Structure formats: C-alpha cells, structure tokens
Amino acid sequence: MCGIFGIYNHRDAANLTYLGLHALQHRGQESAGISCTDGEIMRTHREMGLVSDIFDARVLSQLPGRSAIGHVRYSTAGSSTIGNAQPLMVEYSRGYLAMAHNGNLTNAKIVKDELQNYGSIFQSSSDTEVLIHLMALAHEDSTVKRLISALRRMEGSYSIVALTNHELVAVRDPHGFRPLCLGKMRDGYAISSENCAFDLIGARYVREIEPGEILVVDQNGLTSYKPFKETTHHHCIFEFIYFARPDSHMFGKTVYSVRKALGRQLARESAVEADMVIPIPDSGISAAIGYSQQTGVPFEMGLIRNHYVGRTFIEPRDSIRHFGVKLKLNALRDIVKGKRIVVIDDSIVRATTGRKIIKMLRQYGAKEIHFRVSSPATMYPCFYGIDTPSRSQLIAASHTLEEINRYMGSDSLHYLTIESMRKALGKGDYTYCDACFSGSYPSRFPWGMELEQMELFAKGEK
Ligand code: AMP
C-alpha cells in the first residue's frame with residue numbers, strides 16, 4: 001500500500017504536497033518523498049521515515065516550483081530501502097520525469113528480466129522503475145503516448161501520478177483497484193489517493209480518476225484519455241475494510257458508512273449477550289459503532305491507543321511488530337472488569353494482535369470475550385498491493401474457526417460471511433475485488449500461472 005499526491009499550478013506546490021502526504025500517512029510509513037518542478041529544473045527529496053520527520057521548512061524551501069508530486073510508501077513489492085523510496089525521478093531523452101505509484105505490477109519481474117537482457121540497468125527493486133524504463137525506450141513523441149505504450153505491457157494494479165516540467169499526469173488501471181481522485185484549487189489542480197487530503201489543503205473534490213483513465217493536467221487544462229480496453233471494475237474491498245481513512249469516500253461510498261454497515265451486518269449474524277462492545281482502535285471503531293447501534297449493546301472505548309508509536313503492523317520486521325502490540329494499546333481495567341465483552345476488529349491476519357489483546361483483557365478481569373471480525377476470513381494472498389503475500393502468513397488459510405478461537409483465547413469467534421459483506425456493499429452493483437477472502441481473482445496471473453506458482457513468484461522464489 002502507498003499514498004500518492006500531486007499538485008499542478010500552485011505557488012506553494014511542495015508545501016501543499018507535504019500537507020497532502022501528511023493526510024495520507026496512514027497509507028504508508030516507511031518512506032516519503034516529494035518531486036517538484038519550477039518548469040526548468042525538477043528536484044526530489046526522499047527519505048526513510050514519517051512525513052513530518054522528513055520535511056521541514058528548510059527542506060521544503062529547497063523544492064521550488066508550481067507543480068509537485070509526492071508519495072508515502074509501504075512496501076509490497078521491492079524491499080524497504082531508500083533506493084525504493086518514491087517518487088522515482090529520472091532525466092531522459094524527453095527531459096525530467098518523476099513517478100509515484102500505488103499498486104503492484106504483477107508481471108514486473110518478467111518485463112524487468114527482458115529489459116536487463118537487452119542491457120537496461122536498474123537502480124532499485126521497485127516495479128515502478130520498470131515502467132520508467134519502458135517509457136524511456138518507447139518511440140512515441142509525447143509523455144502520455146509513451147506512458148500508454150509502457151502501461152500496455154504491464155499487468156496488475158496501478159494508480160499513478162507522474163510529473164514532467166510541464167504536465168501532471170494521473171492514471172488508474174482499467175480494473176480501478178486502487179483509489180485516485182481529482183481536486184480543484186483556484187488556478188490549479190490536486191490529485192490524491194484519498195479525498196481526505198483535499199479537505200486539509202482546501203481543494204474542492206471534483207471526481208474520481210476513472211478506471212482506465214489517463215488524465216493530463218497542463219497549461220491547456222484537463223485532457224482525459226481512455227486508451228485501454230474496458231474491463232469489469234474491481235475496486236479493492238480491503239480499502240473499505242482497513243486501509244482508507246474513514247473520512248474519505250471512494251468508489252462512490254463513504255468509508256465510515258461502509259464500515260458501519262459491515263458492523264451492522266456482523267451484528268445481524270453473530271450477536272451475543274454482552275455488557276459492552278469495544279473496538280480495537282482505530283481500525284475496529286466504525287464497525288463497532290455499527291454493531292452497537294444494531295444490537296443496542298453499549299459501545300465503550302475499552303482499549304486506549306497510544307497514537308505516538310505509528311502503525312506497527314506496517315513495520316515489516318516481525319520482531320518489532322510483535323513488540324508493537326503492547327506499545328500500542330492498553331485496556332481500561334475498571335471498564336472491562338467482570339464484564340461480558342464483544343471485541344470488534346476489522347480483520348485477522350496472523351491473529352497475533354487479537355491474541356495479545358484477549359490475554360490483556362483477561363488479565364484485567366474481563367468475564368467473557370467474544371471476538372467479532374467485520375470482514376470474512378483472510379484466506380488468500382493479494383497480488384494487487386495489500387501486504388498479504390502468502391498463505392503461510394494467513395492463519396485462516398491453514399486453521400479452522402475453532403482452532404483460531406482456541407489460539408486467540410476468546411470464548412467465541414465469528415467472521416463476517418462473504419455473502420454478508422457483499423450485501424453490505426450493495427448487491428446490485430458489486431464491483432469489488434475480494435480475492436483475499438474468496439480466492440476469486442479478477443484476472444489471470446502472468447504466464448497463466450496457478451495460485452501456488454504465483455505465490456512463489458511473488459515471493460521471488462520462482
Ligand atoms: P494480526 O495480528 O496479524 O492478525 O493483524 C491484524 C491487525 O492488523 C488488524 O487489527 C488489522 O487492522 C491490521 N491489518 C490487517 N491487514 C493489514 C495489512 N495488510 N497491513 C497492515 N495492517 C493490517
């Protein structure tokens with residue numbers, strides 16, 4: 001997962017991009033970067049860490065210009081190093097080009113091998129660099145035509161912002177896996193993964209970049225291209241369940257309302273006698289409100305989160321993640337003692353978070369703990385940008401409900417069913433990718449690989 005942002009024609013382009021990235025920080029905390037152009041020279045600053053640690057007034061003052069793009073990274077493909085931080089910026093035959101990408105190009109390794117055989121030299125393990133090489137090798141005479149020809153070679157998911165000295169380009173793949181939207185400021189435009197960033201910088205939300213659309217913003221205004229074959233839309237359902245901020249809206253719906261609807265649906269199929277409903281903050285809050293409203297069981301903040309430790313799951317190293325649960329959350333003893341509690345979280349991956357929280361609640365005297373998950377069991381890997389790369393890391397892929405319940409130490413456990421999830425999202429126009437739950441992948445894997453082969457391939461073992 002990553003967050004991307006762009007500004008066209010504003011005298012504070014770098015500052016606004018900094019603010020935009022700040023609003024998108026939840027989408028990635030490993031590294032951040034901004035590229036900015038004054039029409040002649042493009043400059044980039046990238047570092048590992050959080051947006052507010054990387055950029056200060058001095059760094060931003062060294063990024064002059066009226067157009068900029070930015071990126072916050074959470075690695076799904078490519079390792080967590082500064083070389084893979086984005087935007088990637090190059091100077092090639094057509095001048096400067098910077099690119100920031102959210103998504104995962106599933107055939108990047110195959111194309112990269114081909115390019116390397118012809119002599120291309122890569123500086124990172126990021127799949128985005130493959131696109132830049134393809135653009136540099138293309139013969140077309142405009143950035144947008146080169147981008148189209150490069151993207152025709154690629155499979156997988158991509159929402160992209162690209163910057164040249166004279167244009168800002170926004171692209172979304174034909175399935176529309178990842179979100180991307182357009183905002184308007186006085187004389188300029190903004191592009192963002194989520195519209196919560198527009199609220200911060202005072203931009204007016206205009207619309208989503210459509211699946212398969214390439215939108216060019218330059219001195220002539222907006223030009224939209226639809227060069228790819230139309231296909232069914234497959235918006236990532238996990239954006240609604242976990243990734244996006246509740247105050248964003250995407251794919252035509254408000255994230256908060258969807259999460260509440262999932263919580264209501266969960267209550268309809270798994271309600272239990274209890275004294276209180278408590279969310280695992282922050283990801284379980286909206287669904288727990290829905291659950292509480294549906295059942296009438298009071299909502300309590302039984303767990304308090306320390307907001308100054310970052311989102312520890314996002315740290316890729318296991319040692320830190322496990323340590324992180326204790327750093328992040330504490331239970332309210334007086335509230336939970338002697339009570340029958342429904343604990344709501346948005347999802348279970350390895351079940352380590354839930355297990356530790358249940359242990360803590362028991363230590364603090366909770367009488368009964370019923371764990372409820374506002375999404376179905378995560379059983380399949382995602383190859384489109386969510387960090388669930390292999391079934392070996394997903395507890396539900398190899399354990400029964402009863403085994404997981406026992407492992408977590410809860411009195412009962414219930415996941416939302418796939419049918420209920422689909423119902424909560426509106427049956428009629430269900431346009432989502434829910435492969436992580438259903439195993440039903442929206443497109444064939446490269447080379448026609450089977451799931452097992454694709455898992456190895458994605459891990460770099462094939
Ligand atoms: P686990 O302890 O491995 O079961 O992790 C579950 C927690 O991680 C839940 O509270 C989710 O909110 C969160 N989570 C689920 N999927 C992801 C993901 N792909 N990246 C980061 N956090 C996630």
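This is a predicted model: local features need pLDDT of at least 70, side-chain atom pairs count only at pLDDT 80 or more; totals for chains, interfaces and linings use all residues.
**Entry 1: the ligand**

I began by asking which residues surround the ligand. I found 17 of them, and the closest are Asp345, Asp346, Arg350, Ala351 and Thr353.

Next I looked up where the shell comes from. Helix H8 (237-243) and helix H13 (352-363) each give at least two residues to it. H8 has the largest share, with three residues.

For threonine 353, I noted a polar side-chain atom 2.4 Å from a ligand oxygen. For aspartate 346, a side-chain N or O atom sits 2.5 Å from an oxygen atom of the ligand. Valine 349 takes part through its backbone, with an N or O atom 2.8 Å from a ligand oxygen. How much of the ligand does the protein cover? I wrote down 96% of the 500 Å² of accessible area that the ligand has on its own.

**Entry 2: serine 375**

A polar atom of the serine 375 side chain lies 2.8 Å from the backbone oxygen of aspartate 346. I placed serine 375 in the loop between strand E21 (368-373) and helix H14 (395-398).

Is serine 375 buried or exposed? I put serine 375 down as buried, because its relative accessibility is 0%. I also checked its contacts, leaving out neighbours within four places in sequence: they are Ile241, Asp346, Ser347, Tyr415, Leu416 and Phe437.

**Entry 3: serine 248**

I looked at another serine in a loop. Serine 248 lies between H8 and strand E15 (249-250). I noted serine 248 as buried, with a relative accessible area of 0%. Skipping neighbours within four places in sequence, I listed Glu194, Asn195, Cys196, Lys253, Thr254 and Val255 as the residues in contact with serine 248.

How many of the residues of strand E4 (residues 67-73) are buried? I counted seven of the seven, so the strand is largely enclosed by the rest of the structure. I checked which way they point. Ser67, Ile69, His71 and Arg73 go one way, Ala68, Gly70 and Val72 go the other way, and all are buried.

I then looked for pairing. Strand E1 (residues 2-8) runs antiparallel to E4 and is joined to it by seven bridges. In that pairing I picked out glycine 6, whose bridge partner in E4 is isoleucine 69. Strand E2 (residues 31-37) is also antiparallel to E4, again with seven bridges. Here I marked alanine 32, which stands opposite valine 72 in E4.

**Entry 5**

Strand E6 (residues 95-105) is mostly covered, and I found 10 of its 11 residues buried. What joins E6 to strand E5 (residues 88-92)? I found five bridges, with the strands running antiparallel. E5 and E6 make a hairpin with two residues between them. Tyrosine 92 faces glycine 95 in E6.

I followed E6 on to strand E7 (residues 156-163). These strands are antiparallel as well, and eight bridges join them. At leucine 105, I saw glycine 156 of E7 standing opposite.

**Entry 4: helix H5**

Helix H5 (residues 127-137) is mostly covered, with nine of its 11 residues buried. I listed the buried ones as Asp127, Thr128, Glu129, Val130, Leu131, Ile132, His133, Leu134 and Met135. What covers them? The cover includes the strands E5, E6 and E7, along with helix H4 (108-117) and helix H6 (143-152).

I also looked at the start of H5. There, a side-chain oxygen of serine 126 comes to within 3.1 Å of the backbone nitrogen of threonine 128.

**Entry 5: cysteine 433**

My last stop was cysteine 433, in strand E23 (residues 432-433). Why do I count cysteine 433 as buried? Its relative accessible area is 10%, and the cut-off for buried is under 20%.

Not counting residues up to four places away in sequence, cysteine 433 touches Phe177, His234, His235, Cys236, Ile237 and Pro442. I also checked the separation from isoleucine 132, a residue of H5.

How values were computed:
Residues are numbered from 1 along each chain as its sequence is written. Side-chain values use heavy atoms; hydrogens and water are left out. A residue is near a molecule or strand if one of its heavy atoms lies within 4 Å of it. A polar contact is a pair of N or O atoms within 3.5 Å; within protein, one must be able to donate a hydrogen and the other to accept it, and residues adjacent in sequence count only if both atoms are side-chain atoms. Accessible areas come from the Shrake-Rupley method with a 1.4 Å probe; for residues, only the protein chains shown count as cover. Helices (H or I, at least four residues) and strands (E, at least two) are DSSP runs, numbered from the N terminus. Buried means under 20% relative accessible area, exposed over 50%, partly exposed in between (1.4 Å probe, protein chains only). Contact means heavy atoms within 4.5 Å. Two strands pair if DSSP finds at least two bridges between them.
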